Amino acid sequence: MKYDLNLLAVFDAIMQEQNVTAAANRLGLSQSAVSAALSRLRAAFDDELFLRARYGVVPTEKARAMAPEVSEALDRLRHVFEDRPSFDPASARRSFRIAASAYFECVVIPSLMARVTTDAPGISLVVEPLGPDLDTKALAAGDLNIALGRFDNAPDSLVISPLMEDGFLCLLRKDDLPGQHSVTKEQYESLPHVVVSPPGKWRTGLGHTLGTAGLTRHVALTVSHFLAAPLAVAEIGGLVTLPTRIARIYENDPAFRLLPPPVDLGQFPMQVAWHPRHRSDPGHRWLRDVITEVCASI
């Protein structure tokens, strides 16, 4: 049986763009040619592969399952025609752009930069806030190299990998709740809370977690960044529930004390997102490996 490998390139482009017109533009083909190729793909795999959606198409379960293998196979074929570039971090001169949540900016980026400065002095990092939406197009185009955050319901066109997990601690003023080793449920629900609510849809899941645990909060103030919350608690009292590694920043600060919440609020994942197009870029792979190692060491 003969197979048209060009169809796999069409599949990969549609999978990454999630839009037939955009896939045609990427491949330098007409929309009708890509539509015809998609019809042949559907016949070859006996599956719709992509279903119409409001702003393009969405992959079926079969398409999602095929996508990693197709992308990897195309990368290997490209290597037949292209010399695989090398990357020496000690001598390389390059800048990487990273979109990071406030959590990663506080917990990971300083240690990451310390590692980069030692191992790759010619490498610079440009860190920008993770916006209301994960910029899939910027990741695909290479304008943005990596995103660091928590990605629920992320686009299928991206690679999402776990990096670390964290839990929660309560931060209070030093002299509040003296002698206690944790915050009681009654205290947690009656004390004024400072709540951290980052902008956009990539919000923390703490509100849902508290609801599941049967806890409510008396919200006195809502801020957009973790580092603003302790300053507010120092002025107005009450408490803020912070990720454990954020709270530990203030562990030796004489103005504050850290206590466990009244119930175990569990763990939440922190992840890295990147586009499969960067899979064969050795510099990108080096950066991903360093981020993974730094997170493992924290």
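## Close-up views of a predicted model

View 1. Helix H1 (residues 6–17) has 12 residues and should span 16 Å at 1.5 Å a residue, which agrees with the 17 Å between its end C-alpha atoms. The expected span is 1.5 Å times one less than the number of residues in the helix. Helices (H or I, at least four residues) and strands (E, at least two) are DSSP runs, numbered from the N terminus. The model is predicted: local features need pLDDT of at least 70 and side-chain atom pairs count only at pLDDT 80 or more, while totals for chains, interfaces and linings use all residues. Residues are numbered from 1 along each chain as its sequence is written, and side-chain values use heavy atoms, with hydrogens and water left out. Buried residues in H1 are Leu-7, Val-10, Phe-11, Asp-12, Ala-13, Ile-14, Met-15 and Gln-16. Here buried means under 20% relative accessible area and exposed means over 50%, with partly exposed in between (1.4 Å probe, protein chains only). Gln-18, which follows H1, has a positive phi near 55°.

**View 2. The salt bridge between Glu-17 and Arg-26.** The closest N and O atoms of Glu-17 and Arg-26 are 2.9 Å apart. A salt bridge is a side-chain nitrogen of Lys or Arg within 4 Å of a carboxyl oxygen of Asp or Glu; the structure holds 12 of them. Side chains of opposite charge can pair when their charged atoms come close. Glu-17 counts as partly exposed, at 24% relative accessibility, and Arg-26 is partly exposed with a relative accessible area of 26%.

**View 3. A salt bridge between Glu-293 and Arg-115.** In this pair the closest N and O atoms are 2.6 Å apart. The pair links distant parts of the chain, with Glu-293 in helix H12 (residues 282–297) and Arg-115 in helix H6 (residues 109–119), 178 residues apart. Glu-293 is partly exposed, with a relative accessible area of 42%; Arg-115 also counts as partly exposed, at 28% relative accessibility. A network of salt bridges links Arg-115, Asp-119 and Glu-293.

View 4. An α-helix has 3.6 residues a turn, so residues three or four places apart point the same way. Relative accessibility is 24% for Glu-189, which counts as partly exposed. Lys-185 is partly exposed as well, with a relative accessible area of 42%.

View 5. Cys-106 is buried, with a relative accessible area of 18%, and Cys-170 counts as buried at 0% relative accessibility.

**View 6. Pairing of strand E3 with E4 and with E5.** Strand E3 (residues 94–100) pairs with strand E4 (residues 123–129) in the parallel sense over 7 bridges. Ile-98 stands opposite Val-127 in E4. E3 and strand E5 (residues 146–149) run parallel and are joined by 3 bridges. Ala-99 stands opposite Ala-147 in E5. Two strands pair if DSSP finds at least two bridges between them.

**View 7. The surroundings of Asn-145.** Asn-145 is in the loop between helix H7 (136–141) and E5 and is buried, with a relative accessible area of 7%. A polar atom of the Asn-145 side chain lies 2.7 Å from the backbone nitrogen of Arg-97. Leaving aside neighbours within four places in sequence, Asn-145 is in contact (heavy atoms within 4.5 Å) with residues including Arg-94, Phe-96, Trp-274, His-278 and His-284.

**View 8. Positive phi at Asp-46 and Leu-177.** Asp-46, a residue other than glycine, has a positive phi near 50°. Its place is in the loop between helix H3 (31–45) and strand E1 (50–53), and Asp-46 is exposed, with a relative accessible area of 71%. Leu-177 also has a positive phi near 50°. Leu-177 is found in the loop between strand E7 (168–173) and H8, and counts as buried at 15% relative accessibility.

Notes
A polar contact is a pair of N or O atoms within 3.5 Å; within protein, one must be able to donate a hydrogen and the other to accept it, and residues adjacent in sequence count only if both atoms are side-chain atoms.
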